[in-house]
Amino acid sequence: MKDQIVRKIFSGLIYIHILHHGSEDKFYGSWMIEELKEHGYNVSPGTIYPILKTMVDEGLLIREDKIVGGKIRKYYEATEEGKNLLIDLKKNLKVLMEEIL
């Protein structure tokens, strides 16, 4: 039970982290995996790419395919809707953190 709750919370934080970086600049999936790893998240390609696809489908990210080194690399960037959601999430997190800390 405890592990499931922790997993759900980390999943939400990963979404926020993705929106944060997508609001700053374009990124690609393997870069995001390494970025999350630096913050203690061990996320596999089998986890990150479905999340990114879902966020594109939900209109939170846009995807741009570029050829890099002869291969197609998918770059992601936050949409206006994603940026606005991030602003709301930050406000909610701030209120929550002030309350519980």
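This is a predicted model: local features need pLDDT of at least 70, side-chain atom pairs count only at pLDDT 80 or more; totals for chains, interfaces and linings use all residues.
**Helix H1 and the packing around it**

The buried residues of helix H1 pack against strand E1 (27-28), H2, H3, strand E2 (61-68), E3 and helix H4 (80-100).

**Helix H1**
- H1 is made of 23 residues and spans 33 Å from its first C-alpha to its last, which is close to the 33 Å expected at 1.5 Å a residue.
- The residues of H1 that are buried are Ile14, Ile16, His17, Ile18, Leu19, His21 and Gly22.

**The crossing of H2 and H3**
- The axes of helix H2 (residues 29-38) and helix H3 (residues 45-57) come within 10 Å of each other and cross at roughly 115°, and the crossing in which H2 passes H3 is right-handed.
- On the H2 side the contact is made by Gly29, Ser30, Met32, Ile33 and Leu36, while H3 contributes Pro45, Ile48, Tyr49 and Leu52.
- Sorted by class, this contact of H2 with H3 holds seven nonpolar and two polar residues, with no charged residues.
- Apart from its neighbours within four places in sequence, Ile48 is in contact with Ile18, Gly29, Met32, Ile33, Leu36 and Val43.

**The largest nonpolar core**
- This core has 19 residues, of which Ile14, Ile18, Leu36, Ile48, Leu52, Met55 and Leu61 touch the most other members.
- Two or more residues of the core come from each of helix H1 (2-24), H2, H3 and strand E3 (71-78).
- In soluble globular proteins, nonpolar side chains tend to be buried together.

Conventions:
Residues are numbered from 1 along each chain as its sequence is written. Side-chain values use heavy atoms; hydrogens and water are left out. Axes are lines fitted to C-alpha atoms, for helices over the stretch in contact, and angles run from 0 to 180 degrees between N-to-C directions. Helices (H or I, at least four residues) and strands (E, at least two) are DSSP runs, numbered from the N terminus. A crossing is left-handed if the near helix is turned anticlockwise from the far one by less than a right angle, and right-handed if clockwise. Contact means heavy atoms within 4.5 Å. Ala, Val, Leu, Ile, Met, Phe, Trp, Tyr, Cys and Pro count as nonpolar, Asp, Glu, Lys and Arg as charged, and the others, Gly among them, as polar. A nonpolar core is a set of buried Ala, Val, Leu, Ile, Met, Phe, Trp, Tyr and Cys residues joined through side-chain atoms within 4.5 Å. Buried means under 20% relative accessible area, exposed over 50%, partly exposed in between (1.4 Å probe, protein chains only). The expected span of a helix is 1.5 Å times one less than its number of residues.
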